[in-house]
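I will jot down each thing as I look it up.

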Amino acid sequence: MRLFVLRKAGYNILMNYRHIFHAGNFADVFKHLVFRMCFAHVQQKDKGAFVLDAFAGLGLYDLASDQAQRTGEYQQGIARLFGRDLQNKDLQEFREFCAADFMQQKYAGSPVIAARMLRPQDRLTANELHPDDVQTLQQNLRSFDQVAVTHLDAYESVRGAIPPVERRGIILIDPPFEKKDEFQLLVKQMKEWKKRWETGCFILWYPIKAGQPIDDLYAAAAEMGLNRTWVAEFLLRPRDTPEGLNGCGLLIFNTPYQIPERVEALVPELTGLLGGSVRCFYLGASTSA
Ligand SMILES: C[S@@+](CC[C@H](N)C(=O)[O-])C[C@H]1O[C@@H](n2cnc3c(N)ncnc32)[C@H](O)[C@@H]1O
């Protein structure tokens with residue numbers, strides 16, 4: 001495992017977000033379940049694949065910590081997958097993947113999920129800008145091969161990584177949405193990504209809260225016309241409920257085949273466990289095939 005400390009002098013960053021308060025909540029479960037399914041699908045071919053986790057976080061979360069206990073969000077998330085029969089194979093596999101951690105009151109974040117899935121021909125870059133968190137991330141990934149940890153602004157890390165030499169893989173974009181203009185920033189970045197790697201699988205996570213320009217994000221994504229642009233929204237409450245996180249969405253470019261169908265198939269059981277509802281749709285003309 002390599003650590004690159006590449007940091008621009010004079011970064012003026014607002015970094016109050018701490019994912020530990022939310023680790024293992026419904027939004028994490030949904031994101032990690034779908035991310036894992038997408039990566040496993042990419043790995044069906046022998047050719048090596050690349051994953052960039054541009055907003056990586058800590059990698060592994062202690063659910064017994066004061067912060068996680070204070071919100072208890074994981075109780076309405078990952079904890080609900082345990083202690084009951086699961087019928088759906090993708091849900092069963094995800095629970096199996098989380099089980100050893102959960103028994104030790106731990107929850108694996110996206111970079112550790114990806115690192116554990118790597119085959120010898122695959123590669124992961126986990127990027128995190130928070131100066132303390134990047135150290136913890138490095139610790140949590142130290143035992144894995146083919147993993148690099150970088151300490152850059154996320155969008156800079158994407159710019160430097162695409163297109164990857166493998167020409168196969170996933171870019172995970174999971175910002176904390178602390179910046180008021182994060183949606184506008186995303187739209188601007190998306191256009192750059194298209195120029196650099198039109199066939200790449202990009203997975204974007206975003207919160208659904210009242211008054212956010214999500215329709216603008218969808219319009220911009222549809223206009224880009226990338227293949228198989230697909231959205232999955234998980235709503236716990238009506239999307240325009242004032243204050244709080246009403247749900248979350250995943251916007252995926254070049255969605256791996258069968259993922260939409262498999263996600264649709266697990267939705268009834270997942271929402272039966274976590275509550276809420278899921279709405280999935282293709283954007284633009286990019287339906288299928
Ligand atoms: C939502 S958390 C990531 C969770 C992680 N992807 C997971 O699913 O396990 C967002 C992370 O991005 C980091 N971050 C915030 N601004 C960043 C930036 N400009 N570049 C890179 N990382 C940033 C935060 O410190 C935080 O750890």
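A note to myself before I start: this is a predicted model.

**Entry one: H1 and H4.** I found that H1 and H4 are roughly parallel to each other, because their axes cross at roughly 25 degrees and angles under 35 degrees count as roughly parallel. H1 covers residues 26-42, H4 covers residues 110-117, and their axes come within 11 Å. I also noted that H1 passes H4 in a right-handed crossing. Who makes the contact? On the H1 side I listed His32, Phe35, Arg36, Phe39 and Ala40, and on the H4 side Ser110, Ile113, Ala114 and Met117. Sorted by class, this contact of H1 with H4 has six nonpolar, two polar and one charged residues.

**Entry two: H1 and H9.** Next I turned to H9, which spans residues 259-274. The axes of H1 and H9 come within 12 Å and cross at roughly 155 degrees. Angles over 145 degrees count as roughly antiparallel, so that is how I describe H1 and H9. Here, too, I wrote down a right-handed crossing as H1 passes H9. H1 brings Phe26, Val29, Val34, Met37, Cys38 and His41 to the contact, while H9 brings Ile259, Arg262, Val263 and Leu274. By class, I have eight nonpolar, one polar and one charged residues for the contact of H1 with H9.

How many residues surround the ligand? I got 19, and the closest are Phe55, Gly57, Gly109, Leu129 and Ala154. The shell around the ligand divides into seven nonpolar, six polar and six charged residues.

Methods
Residues are numbered from 1 along each chain as its sequence is written. This is a predicted model: local features need pLDDT of at least 70, side-chain atom pairs count only at pLDDT 80 or more; totals for chains, interfaces and linings use all residues. Axes are lines fitted to C-alpha atoms, for helices over the stretch in contact, and angles run from 0 to 180 degrees between N-to-C directions. Helices (H or I, at least four residues) and strands (E, at least two) are DSSP runs, numbered from the N terminus. Angles under 35 degrees count as roughly parallel, over 145 as roughly antiparallel, 65 to 115 as roughly perpendicular and the rest as oblique. A crossing is left-handed if the near helix is turned anticlockwise from the far one by less than a right angle, and right-handed if clockwise. Two residues are in contact if their C-beta atoms, placed from the backbone, lie within 7 Å. Ala, Val, Leu, Ile, Met, Phe, Trp, Tyr, Cys and Pro count as nonpolar, Asp, Glu, Lys and Arg as charged, and the others, Gly among them, as polar. A residue is near a molecule or strand if its C-beta atom, placed from the backbone, lies within 6 Å of it.
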